[in-house]
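Me: Could you walk me through this structure? I have not looked at it before.
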Amino acid sequence: MNRIIKILIASDFVIYFAWGLLTPIFAVFITRNIRGGTLAVIGIAEAIFLASKSICQLIFADYLDIEPSDKKNLYWAISGSFIFSFAVLLYLVCYLPIHLYLVELVLGVSSAMAYPSWYALFIRNLNPRKKAFSLSFHNTSIDGGTALAAAIGGLIANCFGFPVLIYLVAALSLVGTFLLIVLYKPLNILEQKEMAESKIDFLPVKVTKSFESIPGQILPIRKYGDSILRTKAKLIKEVDDSIVELAKNMLATMYKNNGCGLAAPQVGVSHRLIVIDIGDGPIILANPKILKKSRRKIYSLEGCLSFPGLTLNLMRSKNVMIEGFQITDGRRVKIQAEGLLARGLLHEIDHLDGILFIDKLVFWRKWKINKYLKELKKKTKQSIKERQSMKNVGIVL
Ligand code: ZN
């Protein structure tokens, strides 16, 4: 097991241990400290915790998956555990069922922040050859921690009273949270290493054909439902006739359709090539790569030629730094972009990785356009079928 997995398990062990001190005797706490603390109140409190956690974790997980990153997951795991640790202390001031229900709601929501982000970190950093062992080790440690806590939680409450026990639960949960903070440095190093390694795949292009010598043709645009839009595009190793022709055709197709950006998969070619023109002249980039994205994000309206008539208000980084190769001269260029150009570059580079702008929507916003998506997909499948049957007929002379 690597260091990141060990720290994640250690943090979970401490938090489960802390929580395990209280849970077996929680019913006694309620009957003693809450006015009208009946068995029904205990049941409702537990139901509120589980319901709020179950619902919120789906919503949060959906958001975390939009632009997944270890750092984002870590922030969420730390924030959730941090809120959880302090919310436990609110038990000390509860004396009515409604107080208890509110505390359970806060605990449920904070757990929902920590769970999906913790699991995302755990799964992503698992050693692929030690998956079963790491998962079992995690299970064994939290079961062991809970069992140990169950044995001594009652003892502490008996000897020192519930307030001491609750302070202890909060303090140990904070220790678990601080263990997560320790992860910031190794995850940061890992992210930088991954960025450095991914540059190895970044191949320069060799220009063997003059760009100006080929006129552009208008190509049909692939729409949502076409599998090429979900395929990761291949790196361009050499700019030969076909690539120059493709770039020219993409520009002509983009201008004809009043678009300001187009990626090669949108015209049916799985190559890492994008064209953009936001009014300052065309930018044509082979093998574009995001070097940096600003943490500051802004909402703006965005369309896509593969989704006719659909405009979405999406949040994206305000500034980006892109690296790529100009196919006109094979020069390696860095582009520092902001606003519309930054948005366009991010949108088109997403296309090269099979990511579509609808993937940036949380599920209820996607649900609102479900009818549109279904109809477009159906239409696309139909036109693919027609295209294939035309091919099968062949040329009749
Ligand atoms: Zn698009």
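The chat below covers the metal site, the cores, the strands and the cysteines.

Reply: This is a predicted model, in which local features need pLDDT of at least 70 and side-chain atom pairs count only at pLDDT 80 or more, while totals for chains, interfaces and linings use all residues. Residues are numbered from 1 along each chain as its sequence is written, and side-chain values use heavy atoms, with hydrogens and water left out.

Me: Which residues coordinate the zinc ion?

Reply: Cys304 (SG), His347 (NE2) and His351 (NE2) do, at 2.0 to 2.2 Å. Donors here are N, O and S atoms within 2.8 Å of the metal (3.2 Å for Na, K and Ca), and sites may look incomplete because water is not among the atoms. Along the chain, the spacing of the donors is C-x42-H-x3-H. Cys304 sits in the loop between strand E4 (297-303) and strand E5 (311-317) and His347 in helix H10 (residues 339-352), so the pair ties together parts that are 43 residues apart in sequence. Helices (H or I, at least four residues) and strands (E, at least two) are DSSP runs, numbered from the N terminus.

Me: Are Cys304 and His347 buried or exposed?

Reply: Both Cys304 and His347 are buried, meaning under 20% relative accessible area, with exposed over 50% and partly exposed in between (1.4 Å probe, protein chains only).

Me: Next topic: which residues touch the most other members of the largest nonpolar core?

Reply: Val88, Tyr91 and Leu107 do, out of 31 residues. Such a core is a set of buried Ala, Val, Leu, Ile, Met, Phe, Trp, Tyr and Cys residues joined through side-chain atoms within 4.5 Å. Another core, of 20 residues, lies apart from it and includes Ile236, Ala247, Leu273 and Leu305.

Me: How many bridges join E2 to strand E3?

Reply: 4 bridges join E2 to E3 (residues 283-293), and the two run antiparallel; strands pair if DSSP finds at least two bridges between them. Val275 has Ile284 as its bridge partner in E3.

Me: And how many disulfides does a search of the whole structure find?

Reply: The search finds 0 disulfides, a disulfide being a pair of cysteine sulfur atoms within 2.5 Å.
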